[in-house]
Amino acid sequence: MNDFSVIGKSIAMVDAAGKTTGAGKYTDDLSLSGMLVGKILHSPYPHARIKQIDVSRAKALDGVVAVITGADAPNPYGILPVGHDETALAVEKVRYVGDHVACVAAISEEIAENAIELIDVEYEPLPAYFDPEDSMKAESDLIHENRPHNIEKDYHHVFGDLDKGFADADYIAEGRYIANEVTHAAMEPHSTLANFELDPHTGKLGRLTVWSSTQVPYYLQHKLSLVLEMPMSQIRVIKPLVGGGFGGKSEIIPLEIIAAVAARAARAPVKITYTREEVFWAHRGRPRTIIDLKTGVKNDGRMTAVACKVIQDGGAYCSYGVVTILYSGALLGALYDIPNIRYDGYRVLTNKPACGAMRGHGTVNVRFAFESQMDEIAAKLNLDPAAVRRVNLLKPPTVTVNGLRVLSYGLPECIDQVVTRSGWKERKGKLPKGRGLGVACSHYVSGAANSIIRSDMPHSTVNIKIDRDGGVVVYTGASEIGQGSDTMTAQVVAEVLGCEIARVKVIAADTDLTPIDLGSYSSRVTFMAGNAALRAAEQVKKNIVSAAAKRMNCTPDDVIMRDGHVWKSSTTLSEYNPTLSDSLDEHEAACGHVDGQILRGSVLQTPKEEGPKDHMSFEEAVVAAIDFHGALTGTGSYAPPVAARGGKHKGGGVGPSPAYSYSAQVAEVSVDEETGEVTVHKIWAAHDCGRALNPVAVEGQVIGSVWMGLGQALEEEMVWKDGLLMNPGLLEYRSPSSAESPEIECIIVESIDPEGPFGAKEAGEGSLAATIPAISNAIYDAVGVRLREAPFTPERVLAALRAKKGMKRIEMTESVDPTAPRKLREHGGSLWFRGKGPMRHPLDPARRGTNAGSPMGGGE
Amino acid sequence: MKKELIELRINGRAHELAIESNKLLLDLLRQDLGLTGSKRACDDSSCGSCTVQMDGVPMLACTMLAASCEGQEITTVEGLADHGGLAALQKAYGDFGGAQCGFCTPGFMMTVRWLLANNSDPSEQEIREALSSNLCRCTGYSQMYQAIRAVIEAEQKAAPTEMVGAK
């Protein structure tokens, strides 16, 4: 039995009311007086040199205040120190359809849109690269001059003795798997509002304040400083409510810098909000990934060696690419015991929007390949797929062959849970034809053990201030993006201080007020900001306890703080006021409401002359502590321990984490053999989150992850034609609606991590990766075809079914094939959002006939 | 563009507004009246984040001309709160995790309220179908069903006394 009063209980998020009433403010809901609207001109070419930009006609339009181009902010930046290859607006070259070229700030959206049309840009089109395997052969017209063969980064890792591993194997499986590109499609389009204050001493533009939909306010502050050439101390980044991120807001998106540059040029506040189509171009999603995987096993399914080659279609800029390609290799480890690993990873540049971090960063597509191949091995060796996973379990505490330290490991129980609940033993392989079950596992980091900015600073810091009113104010840089980080912080602090959660106010993600936190990505907040909050609260508690101990004439060890009361452990609370906890509702307790009066804590304080007490209210204890120690504040910070920071090999810094979450899933599907349509009936998902601090939030995160994996498994896909996105809308980019979403049963497994706050680990990402292979394995169980390319659309499933029967493939996309009549293709194109999007570019194959001699592609 | 004067009834109050004839209802709500609860997320009536009710029927404000709404009773999410407190549905969405990032939530509030007003005991299938007009990227919808189910059950518990009274 756990003895907690706040954590471990499901509570509504602390900001829930603002969300359900519409009162909560997201960035686009904000406005300032005199605010201008910014609109961005995007490139219609996938790859071209900018010969000339003429903004004079746009500037002359009545109502236009400023027009900016790349020359106004030429400093390169990027989220990774090794990848400073972006500029807010294109300088010299555009590298994808949708690349940012110029921005207009005007008094209305309509005027800004009209002005955009008046900007004259002269381009010199260059050959463009759309396929990563072609792009790797490029010799000339490189996307970035300093990246030969358009390879952003390649890594070649060998751990253990690979030759021996494969020599020891009884069976070796080999295969190529492809996972197509997906994007976050967070409901809130990116938005930024920037405003400069005038400096009273110089009379010129002074401090900059930026409100932005970001997961990483501190990184934004840093990159703004770099591009605007202003000290970080003069820049304040405030994160209002964020309408979902999933990684898409975990780096600096061009509009965030463009808004600030435009505000500087216009000398007025500027707000830019992307249209949905622009959000698709901003992208930074999960790259199309080609995985060549080879696994050697003994006859009982135990793995002897794994060789994995990964090619990622990274798009036109580095973004998080170097980290993504490293995660893909590093997280081959830490799930199962693999004695020998070889990994070759290639992050390749192409003329498409940059890919970046997306939920399950780097692990998802490789996990799809890996878990699919395990299923193939089980089928080949006639083993139970669940049993194959069980014989390959790690034996923690351990350090994997590639240097990942694993302490808590709830995977065995996760597998047991889903196997039991799904009726796996009784039903697997015995369901009617067309219906099947599949199992798969996954894991994810609880934050990266090494910061992307190389430094020894803490990854999270939390400050707490308590005043005489008994109000607890927590300052954290951690970014609430809907995952519940503010609630988690409040819970941890309330638990440590033994006060009610209503008493705790969280002030988050405002770089002027809150201490540095790296932000909300790689599932780091609960573990790292949670630990920092725990330590800050413990520091404050020590002062309260010592003052209370004096007042109650006992030792600090004897003082208990819980549920808003402070008492001596030798007594019980009920002896002093048996009805106290019942009679005071939360509101009364929080503000010291006694006998019809609202009293300040200081008035409640009993004079010392009354002699020692045995019980105090939280307010009394706080007042005693302030009287005794002075101001009551505490600070806690967290940096991952050295032991968790991984191996010394090149690239070894990515992958290590202080703790890993584990997930096992069983999916039940049916397949319509006539149409190839896959229906998922139910998914059982067990997730080891260490300890569930707020079970309803954990379930929400796990179900949300599984559901997002389901989308990638069945229907989500970014469809490209020569660098032009065919489906840049929420209807065309098909994420599952409630009608297509199956029941997802979430089972929380608590392994209690020794280093997590109260034993907690991550919950928000780890489950996603298992869903895709669980579904593909279930499809195999249902109809005996192996889907090696995601998503498993009716077209692909039907093609596999027909191939199995030796029948010809039906080309369902014939009507959108470039050689088909043009009229049919227009439907999926970008023209429908005229004025806000790029024109169909002249190099588009549909226009090839009219545009002689346009060199396209990196070779056939 | 020349402005014209129209009168709209929004959340029980009349507003006289001078607007361009091409002004969208969503822009009018968000920019002119500061009712920012209705959200713009897809621009093209794909996602339901801008859902408002026109005479009790859910409609998408992002593709509706404001000038065409004269004479109808418009309700936005700001008009949902129950005498200044959270409506049961709003409370339940918080308790059961029906809202994560919250951006789609106002739209869901308007859709679900319409569902419950027209069907006091919808089946799971009916709830799924009703909600399919709105997109959410966080929750996978599961916890929304729990919230809606809780509201329905609370209503049903309260209902018998009303029926006695009615007799």
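Author: Gladly! A helix here is a DSSP run of H or I with at least four residues, and a strand is a run of E with at least two. Please keep in mind that the model is predicted.

Reader: What makes up the secondary structure of chain B by that rule?

Author: Chain B comes to five helices and five strands. Read from the N terminus, its elements run β-β-α-β-β-β-α-α-α-α.

Reader: What makes a residue buried, and how much of chain B is buried?

Author: A buried residue has 20 or more other C-beta atoms within 10 Å of its own. In chain B, 49% of the 167 residues are buried.

Reader: What share of the contacts in chain B join residues at least 24 apart?

Author: Counting contacts between residues at least 6 apart in sequence, the share is 57%.

Reader: And how many residues does each chain bring to the contact between A and B?

Author: Chain A brings 43 residues and chain B brings 40. On the side of chain A, helix H1 (16–21) and helix H20 (695–714) each give two or more residues. H20(A) gives the most, with eight.

Reader: What kinds of residue form that side of chain A?

Author: They divide into 21 nonpolar, 16 polar and six charged.

Conventions
Residues numbered from 1 in each chain as written. Chains lettered and ligands numbered in written order. Predicted model: local features only at pLDDT ≥ 70, side-chain atom pairs only at ≥ 80, totals over all residues. Buried ≥ 20, exposed ≤ 12 C-beta atoms within 10 Å, placed from the backbone. Contact = placed C-beta atoms within 7 Å. Nonpolar A, V, L, I, M, F, W, Y, C, P; charged D, E, K, R; others polar.
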